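Trainee: I would like to learn how to read side-chain contacts. Could you take me through them?
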Amino acid sequence: MTCLGCSFGKFKGVNGSGMCSDCPAGTYLNVTGGSVCLSCPASTNAFSGSVDITDCICNIGYEGSDGGMCTACGVGTYKDVNGSGTCSDCEAGRYLNVTAGSVCFGCPPNTNSRVGSDEITDCICNI
């Protein structure tokens, strides 16, 4: 019988014959023959079977580079997709009063706000 180590992105947690399993989502394994998958950094995620830390991408509402530290979007900014990139200011007429946001809220009818508004009180009556 020939025993082979599991390939990148796969692990086997026990000795003996048996199948290798994909590393679960949110983890990766960048060596062959591994028995434990490594966790992605905070505020990132990866598909099952990921093979490198760069497969760990920033969550929605967080900015940074793949495989690196991701930080929450500040108030008045948002990011609506997973992956590397930066947060964007809320458009005029919208605001966001929480961190790690993925969508800005619309101002009430007949009001408007400046770009990057972070409170509903930034929405002022139209002239």
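Predicted model: local features only at pLDDT ≥ 70, side-chain atom pairs only at ≥ 80, totals over all residues.
**Reading side-chain contacts**

Trainee: Which residue has its ring paired with that of Phe-105, and how is the pair arranged?

Mentor: A search of the whole structure finds one aromatic pair. Its members are Tyr-95 and Phe-105, with ring centres 5.6 Å apart and planes at 50°, so the pair is tilted. Tyr-95 belongs to strand E11 (residues 94-95) and Phe-105 to strand E12 (residues 105-106), so the pair ties together parts 10 residues apart in sequence.

Trainee: Now the charged side chains, please. How many salt bridges are there?

Mentor: Here we look for a Lys or Arg side-chain nitrogen within 4 Å of an Asp or Glu carboxyl oxygen. The count comes to two salt bridges. One joins Asp-22 and Lys-10, whose closest N and O atoms are 2.5 Å apart. This pair links distant parts of the chain, 12 residues apart: Asp-22 sits in strand E2 (residues 21-22) and Lys-10 in strand E1 (residues 10-11). Asp-22 is partly exposed, at 39% relative accessible area, and Lys-10 is partly exposed too, at 28%.

Trainee: What about Asp-122: which side chain does it meet in a salt bridge?

Mentor: That of Arg-114, with an N to O distance of 3.8 Å.

Note on methods. Residues numbered from 1 in each chain as written. Heavy atoms only, no water. Helix = DSSP H or I, 4+ residues; strand = E, 2+ residues; numbered from the N terminus. Buried < 20%, exposed > 50% of the residue type's maximum accessible area, 1.4 Å probe, protein only. Phe/Tyr/Trp six-rings, centres within 6.5 Å; stacked < 30°, edge-to-face > 60°.
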